[in-house]
Amino acid sequence: MTEVGCDSCVYYGYDEDDEDYYCMVDMDEDELGRLLSDKHYQCPYYRSDDEYRIVQKQM
């Protein structure tokens, strides 16, 4: 799922049992299908994992 920008999302985590990265949001089949098939669909759960951006807002 990294083609939709998941690698920079706070919900994108590593599963040690499977030794792979997954989205940790519990989406239904329709949401996941639309996210993977439609290039213009933006994930409603996406939150940037950019710590610097968070700190800038606090200043």
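**Figure 1. Two helices and two strands make up the secondary structure of this protein.** This is a predicted model, so keep that in mind for every view below. Reading along the sequence gives the pattern β-β-α-α. Buried residues account for 14% of the 59 residues here. The accessible surface comes to about 5400 Å², and carbon and sulfur atoms own 44% of that. As for contacts with a separation of 6 or more, 42% of them are between residues 24 or more positions apart.

**Figure 2. Here is the negative surface patch, formed by Glu16, Asp17, Asp18, Glu19 and Asp20.** Two of its members get a closer look. Glu16 sits in the loop between β1 and β2. Is Glu16 buried or exposed? It's exposed, because its relative accessible area of 65% is over the 50% cut-off. Glu19 is also placed in the loop between β1 and β2, with β2 covering 20–23. At 61% relative accessible area, Glu19 counts as exposed too. If you're checking backbone angles, have a look at Glu19: its phi is positive, at about 55 degrees, even though the residue is not a glycine.

**Figure 3. Asp7 is in the segment before β1, the strand at 12–15.** Its relative accessible area is 55%, so Asp7 counts as exposed. Which residue pairs up with Asp7 in this C-alpha distance check? That would be Asp49, 42 residues apart from Asp7 along the chain, with the two C-alpha atoms separated by 8.9 Å.

**Figure 4. Tyr11 is another residue from the segment before β1.** Its relative accessibility of 29% lies between the 20% and 50% cut-offs, so Tyr11 counts as partly exposed. What does Tyr11 touch once its neighbours within four places in sequence are left aside? The contacts are Tyr22, Cys23, Met24 and Val25, plus Tyr45 and Arg47. For a C-alpha to C-alpha distance, take Tyr11 and Ser48: they are 8.9 Å apart in space and 37 residues apart in sequence.

**Figure 5. Tyr46 belongs to the loop between α1 and α2.** With 37% relative accessibility, Tyr46 is partly exposed. Skip the neighbours within four places in sequence, and Tyr46 is in contact with Gly5, Ser8 and Cys9. A C-alpha separation of 9.5 Å is found between Tyr46 and Val25, which are 21 residues apart along the chain. Val25 also turns up in the contact list of Tyr11.

**Figure 6. Tyr41 is in the loop between α1 (29–37) and α2 (51–58).** Which residues does Tyr41 touch, not counting those up to four places away in sequence? They are Glu31, Arg34 and Leu35.

Technical notes. Residues are numbered from 1 along each chain as its sequence is written. This is a predicted model: local features need pLDDT of at least 70, side-chain atom pairs count only at pLDDT 80 or more; totals for chains, interfaces and linings use all residues. Side-chain values use heavy atoms; hydrogens and water are left out. Helices (H or I, at least four residues) and strands (E, at least two) are DSSP runs, numbered from the N terminus. Buried means under 20% relative accessible area, exposed over 50%, partly exposed in between (1.4 Å probe, protein chains only). Contact means heavy atoms within 4.5 Å. Accessible areas come from the Shrake-Rupley method with a 1.4 Å probe; for residues, only the protein chains shown count as cover. Patches are made of residues with over 30% relative accessible area and no salt bridge: like charges are joined within 9 Å, nonpolar side chains (Val, Leu, Ile, Met, Phe, Trp, Tyr) within 5 Å. A salt bridge is a side-chain nitrogen of Lys or Arg within 4 Å of a carboxyl oxygen of Asp or Glu. Lys and Arg count as positive and Asp and Glu as negative; His and the chain ends are not counted. The place of a charge is taken as NZ of Lys, CZ of Arg, CG of Asp or CD of Glu.
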